[in-house]
Structure formats: C-alpha cells, structure tokens
Amino acid sequence: MTALVIGSETAPPRARRRFSLARFGGRWLSPLLLLLLWELGSRTGLIPERTLAAPSAVIGTLIGMVLSGELPSNLLVSFARVAVGLLIGVSLGLGLGLAAGLSRGAELAIDPLMQIKRTIPALALTPLFIVWFGIGETPKIALIAFGTIFPVYLNLYAGIRGVDPRLLDAAKSFGLSRWEQVWHVVLPAALPSLLVGLRYALSISILVLVVAEQINASAGLGYLINNARDFMRTDIIVVCLMVYAILGLGADWLVRSLETRALVWRPSIVEN
Amino acid sequence: MDARLGFSTIDSAASPSHPEPVVRLHDFVRSFGANRIIDGLNLEIAPGEFIALLGRSGSGKTTLLRTLAGLDDAGAQDVEVPDSRAVVFQDARLLPWKPVWKNVALGLKGGDIRGRAESALKEVGLGHRLDAWPLTLSGGEAQRAALARALVREPQLLLLDEPFAALDALTRYRMHDLVLSLWRTHKPAVLIVTHDVEEAIALADRVLVLDKGRIVAEERIHAARGERAGLAGRLREQLLSHLGGDHHGEGVLPFARQAEAAE
C-alpha cells in the first residue's frame, strides 16, 4: 500500500485512516447487521420465540440469570469440572510426554499406547465411563481428563525430540550435565510446542464439557441447557451458548498471555 | 609420518619453551563404518600455542574438533585433552531463550557468575548488550558473545570451528584482531579450524593441513603478526599446494584461482 503512494505527501495519512476504519469499523458491521435482522425478525413474528428468542430477550434473560445467581453458581460448577479434568489430563500428558521424550525405554513403553488411545475419540467412551463411574461428577471429569492428555503428550514429546542438536552439542561442550542440558536446553526448546498442545487441550476440554454435562447433570451449564430444552426456553439456551463461547475465548486468552510471557525471547513476527 | 609426501613434522614437545603439551593425540583413528575419517593422526599442542588447521570439506577437520572438544567419545585411544576447554562454533549457538549474559554464564560454577559474565562481555565489546535476546544480535555480535562464553571459562584449550566464515570481510578482520588480543591476555592454546588460508597465516603460530584424516603438511610461522605480508605469498602457495595435493583436483580450484588473482 505504501509503495503506491510514494511521492505524494498527503496520501499516506489518508490511506492509513481509511485502512484503520475498514479494519475496526468494518469488522463489526456484518455481525451487528445480523443481530439487527434477527431482532427485526423476532419483533415482526417471522422468527417464533419457541424457535429462537430475540436478542433483546436473551440479554434480558442473561441479566436476570446473573442477578438471581443462577448463572454464576452453575458456571462455577462447570468451571470446576473443566479445571479438575484439565489438571488431571494436563499433568498426565506432561508426565508421559516428558518420560517418552527424554528416555528411549519410556518411549517404547508409552508411545504405542498413546497412539492407540489417539484412535479412540474421547467422546466415544462416554457410555463406558457411565458404566464404570456412574452418572455423578466422576465420568464428566474423567472424560475431560482423557480427552486432554493426548494433545499435551504429543506436542511435548515432539517438542523435546525436535530440539536443535547443535544447541545440545554446544551445551555439552561447556560441560553441562545431562540434567542441566535438559533444564537449560531441552525444556525451553520444547516450550513453544507444549503451549500449542495446551491450547488444543483447553479447546478440547470445553468441547468435552458440553457433551459430558448432558449426562444427567443436576448443576452446571449443561443442566441449564437441558432444563431450558424441556421448557422450550430458547433464550436460556442462547445465554448458555454465549457463556460457552466466552469460556473458549477465555481459555485462548489464557494461553496467549502465557505465551507472551514465556516466549518473550522470540522476535515478534507481527511487528516486522 | 608423511615421509612419502616429503614433509616433516616438527615435534612441538621438543621445543624448549613448550615442555608439556596440553593436547596430545597419538596414532588417533576414527571411522564411521568402513569409512576412516581420521587415520593415524598425531598431534601435540603446547600451552598458549595458536594453531590453524586447514583442510578441504571432508578432510576430517570437524571430526578432529569434536574429539578435542570431548563431544565424541575417544574410547580407549591415546588422547589427552585438558579438562578446561571451550568451543566457538561457526554458528554462535547461543540459546535464544536466555539473555546474552545468561548464555555466557551457562554452566559456570563458583561465585559472582553475573560479574564474571559481565566482564567477559565487556572484554569483547558487548557491555551494552548484556540483557539483549540473542536473536536480536547481528552475526558479529553473536560471535563476540560466543567468544565471551568460551573465554569466561578461562580455558586451557580454545577451539574455534570456522568461527568467522559467515561474517562479512570487515567484521572478520575486526574479529581477528579481537581473537589475537584475547589470546594475548588469556594465553589459552588455540586451535582454529578454517578453510581460509589468509586467515590461517594472519593468526597462527603453526599451520597444519589436514587431508584424508592425516596431517599432510605443517608450517611454523616465526614472523610477528602484522609483519607477515612479505611471507604471505610464498606461504600461501606452499599451503595451497598441500591443500591441492596431486590426486584430487577439483576441490582445489577456488583456492588456486584466489591465489592467482592475488599475485
């Protein structure tokens, strides 16, 4: 763009202003238009309330649910499920990935099992987990844990194995012990890859949560949705969908802020 | 050992000023499969001696350097290298996730690690980039940092593996001066692996030519550095003829052309 306006003194600022307008104003335009059409459709009766509640009704319901404490308390239950499931899944993934990455023996023992596990979609295990763990909190947490092990394991393992051998040689030549090599060279080198795995794990955990919460829950977002379905409260369903979306965004934000802290040494691609 | 080629090897241990060599390889052999990379090599390096090792690609330079650096296990062979040694590689090999001073401090033991790293970096002229991230350094700066990382260990043996090959000519000359001044201050034995005959002549006390895993020629340069311009022409031709040999033609061409152009 700048290449086109060389030689003209007034063009660059104007070009930049138009560009930023397109970027910040334009991107909101179509979603807002869609909301407007949706509201219009609901008001004119084109979209019946039992099919889809109007945006204004959804916002009203949201405010009501927040004020009554119904949404925060159920959100907390769902959040706890994700947190515990992730804690277990990520810890197992970390442990197995470290072992398989750092030791040939452990790789031989662990990797074939993990590859077999990879072929089974976590959600397909729901019936089996219900048989094993009943319909309480345990199968929900177990499903999330089971689904999040693999992305963490695979990315950490690949990250460790992908470490630049020249850097390892340099560390060896300065007399670093095996443990020091792992700490100073191997683990930092594997970190970017591990963070990618963590991001996958977070989005998988929310996906599994949605399904797991349909199992006879008595609290949580899934319980709210199931109830709303029985009473055809589409406004509540949409509110819960919004909360799921916000959870996903929050998870992404969490990993991205982790990345900017942990990977400050990387020259920013965006800035250059 | 290379009588058939007509060159003699001066035994550096025999020279009175260097009684105990810091490096001693006797009849060293290294092979990968049926491929003999190093074939009965003898080498002694005296304390504080500056040696340049010339050789074409595939002559075994890198293998020899890896052995001296302790990166490859020498097995039960007759190899003596000092415990305190340090390497500067062609690519600086700084850890990108550690700021420059922590790279220099990597693996250091003892007190005031930050202070020692800082003074080493100041010595190579990088006092202003202590906390910089390695990926933001220029090629020359990265090599300076790698030099500081090697010297902060006060090594008895400093190994330089084509350290300036990737730098532009001006930076390379500056680095030559820096290496010489650091060598004069710290007095390590230095082995620089290079394919640049000029560089070898400008820096070393002794130039070795490696070919097919053996040292095929050796030149001791007595003239002071800076007064070698007169010698350079003759030496260069001599070294180039060794590098060329008589039965492996094409590998020599670039050197030969360069030599002709310079005359």
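Trainee: How many residue pairs are in polar contact between chain B and chain A?

Mentor: A polar contact is a pair of N or O atoms within 3.5 Å; within protein, one must be able to donate a hydrogen and the other to accept it, and residues adjacent in sequence count only if both atoms are side-chain atoms. Between chain B and chain A there are five such residue pairs, both residues at pLDDT 80 or more. This is a predicted model, in which local features need pLDDT of at least 70, side-chain atom pairs count only at pLDDT 80 or more, and totals for chains, interfaces and linings use all residues. Residues are numbered from 1 along each chain as its sequence is written, chains are lettered from A and ligands numbered from 1 in the order in which they are written, and side-chain values use heavy atoms, with hydrogens and water left out.

Trainee: How many salt bridges are there between chain B and chain A?

Mentor: A salt bridge is a side-chain nitrogen of Lys or Arg within 4 Å of a carboxyl oxygen of Asp or Glu. The count here is three; one of the pairs is Asp169(A) with Arg66(B), whose closest N and O atoms are 2.5 Å apart.

Trainee: What area is buried between chain B and chain A?

Mentor: Buried area is the accessible area (1.4 Å probe) that two parts lose on being put together, summed over both. For chain B and chain A the value is about 1,800 Å², and carbon and sulfur atoms give 69% of it. Leu71(B), Arg93(B) and Trp97(B) supply 33% of the area that chain B buries against chain A, more than any other three residues.
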